[in-house]
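I opened the model to look at helix packing, cores and sheet order. My notes follow.

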Amino acid sequence: MLRTAVRVSRLCRGPAGLGSPFSAAAAASSAIPAPNPRPDIACNKIFINNEWHDAVSKKTFPSINPATGEVICQVAEGDKADVDKAVKAAKAAFQLGSPWRRMDASHRGKLLNRLADLIERDRAYLAALETLDNGKPYSISYLVDLDMVVKCLRYFAGWSDKFHGKTIPLDGDFFCYTRHEPVGVCGQIIPWNFPLLMQAWKLGPALATGNVVVMKVAEQTPLSALYVANLIKEAGFPPGVVNIIPGYGPTAGAAISSHMDVDKVAFTGSTEVGHLIQKAAAESNLKRVTLELGGKSPNIIMSDADMDWAVDQAHFALFFNQGQCCCAGSRTYVQEDIYHEFVERSVEKAKSRVVGNPFDFKTEQGPQVDEEQFKKILGYISTGKREGAKLLCGGNPAADRGYFIQPTVFGDVQDNMTIAREEIFGPVMQILKFKTIEEVIERANDSKYGLAAAVFTKDLDKANYVSHGLRAGTVWINCYDVFGAQAPFGGYKASGNGRELGEYGLEAYVEVKNVTIKIPQKNS
């Protein structure tokens, strides 16, 4: 999903320093500390009120190393009873007159910057923990994910005392102004594909605007986010402001979504679960809901595109993070007169992709996150072959143990095929042929999703025409997966509602209060 637009991409080959797929060789030559493939597990319980707790039920669940299938450790399994405890702590921290409510907005920003400092201090440890629990290459965890976590927190730290209300020239002898007040208790449910980064995307705007948080972390990847809880306490956030619960969606996640004392829920994950969360919110207290959901993003390659660059970027758009990106360029539309050359080059590139131990600097692709995803992706590959798509490379497990899958490319894909309509969330590239601009815009929009899209062309008029016609929350032109904390991200249609990042990302975390005062006399 994500890449630092300049600093990381300058390590890569590509025109004017804009990124091409992240290079393992570049990573190996960069100043990255040697990884510890067996980091000590410091935090595996539930974090409430700045303290560590066992689950009320005393249950635990295993966290699995996807590179080996072995258990890393047992983690406390939070459920409704633990959510109730966490919400109670958060409500207490949000009481009128509490230290958090009385804190200067600038000091909230100072605490966020301090948290960013601590994450930078422990960057190598957190990167190793992320790789161990998630499977992504350590070089990516260190150079991309952690870099963007720190930048996100610092960006929202800067907004803490700058997102404010206005005075309004109301008719009559009145003084009218607005206040931006925190929503209150925010439930936040984060996914497993970018655990640390999604945690930062959620915490940054919520804390900058003065809210309190009850966060559920993904059961597949709880370890790095739980370690950050320790750093939140060390940074000086008051007890109860941030509470973090590892657990399962149908129990802990459902309890947050339906809780009568949770004022807002933010969720990143599948569209199917997004439906359940929105329904639970509606049937409980009509809490605010923001959703960043699935995608089937079209990546359009025009015949006048720079071929080398387009092949590089299309490869990166699909295969980055083992294909586990909600905005992956998973429908690659190629204009017919360059289709065969593009397919041939894409297959060569996929075959050369290095799959293996995620702690090895030479590795470009690690394992899928767990056995369920591994089997699901292989099932989609079987469906693609059965429905008539042409398997050009890959298609099988890439190792005897762990959840590794070969980089896979399908050609001759048709729009009505399952692999062209459903989100695979794995290293499976689908290449489709088109003739005209009008045709490809219509086909690109013929999806229930609308998260992201891209177009590659040297013609600025074509680029603008296509980008204006695509129904997607983000459109990249001659690039892919360029993200920054300053720019909003979110989807159209079944890809969700609301925006994260940028100034727009603050709006869901504030209530706008109008205050009108009768005064003796108004003067201009």
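Entry 1, a helix pair. I began with the side chains between H6 and H7. From H6, I listed Asp145, Leu146, Met148, Val149, Cys152, Leu153 and Phe156; they meet Leu196, Leu197, Ala200, Trp201, Gly204, Pro205 and Ala208 of H7. I sorted the residues of this contact into 12 nonpolar, 1 polar and 1 charged. I keep in mind that this is a predicted model. Next I checked the axes: H6 (residues 138-159) and H7 (residues 195-208) come within 9 Å and cross at roughly 5°. Angles under 35 degrees count as roughly parallel, so H6 is roughly parallel to H7.

I found 138 residues in the largest nonpolar core. Leu115, Ile119, Leu207, Phe237, Ile244 and Phe342 have the most contacts inside it. H6 gives the largest share of this core, 15 residues. A second, separate core has 29 residues, including Met302, Ile381, Ile441 and Val455. I then looked up Phe237. Leaving aside neighbours within four places in sequence, Phe237 is in contact with Asn50, Trp100, Leu111, Leu112, Leu115, Leu207 and Ile232.

I traced 7 strands in an open, mixed sheet, ordered E14-E15-E16-E13-E12-E18-E19. E14 (390-393) and E19 (474-477) are the edge strands. I noted an average twist of 25° from one strand to the next. E15 (residues 408-411) and E16 (residues 428-434) pair in the parallel sense over 3 bridges. Val409 has Met429 as its bridge partner in E16.

H15 (residues 437-445) touches E12, E13 and E16, and its direction makes about 140° with that of E16. H16 (residues 460-469) lies across E12, E18 and E19, at about 165° to E19.

Methods: Residues are numbered from 1 along each chain as its sequence is written. This is a predicted model: local features need pLDDT of at least 70, side-chain atom pairs count only at pLDDT 80 or more; totals for chains, interfaces and linings use all residues. Side-chain values use heavy atoms; hydrogens and water are left out. Axes are lines fitted to C-alpha atoms, for helices over the stretch in contact, and angles run from 0 to 180 degrees between N-to-C directions. Helices (H or I, at least four residues) and strands (E, at least two) are DSSP runs, numbered from the N terminus. Angles under 35 degrees count as roughly parallel, over 145 as roughly antiparallel, 65 to 115 as roughly perpendicular and the rest as oblique. Contact means heavy atoms within 4.5 Å. Ala, Val, Leu, Ile, Met, Phe, Trp, Tyr, Cys and Pro count as nonpolar, Asp, Glu, Lys and Arg as charged, and the others, Gly among them, as polar. A nonpolar core is a set of buried Ala, Val, Leu, Ile, Met, Phe, Trp, Tyr and Cys residues joined through side-chain atoms within 4.5 Å. Buried means under 20% relative accessible area, exposed over 50%, partly exposed in between (1.4 Å probe, protein chains only). Two strands pair if DSSP finds at least two bridges between them.
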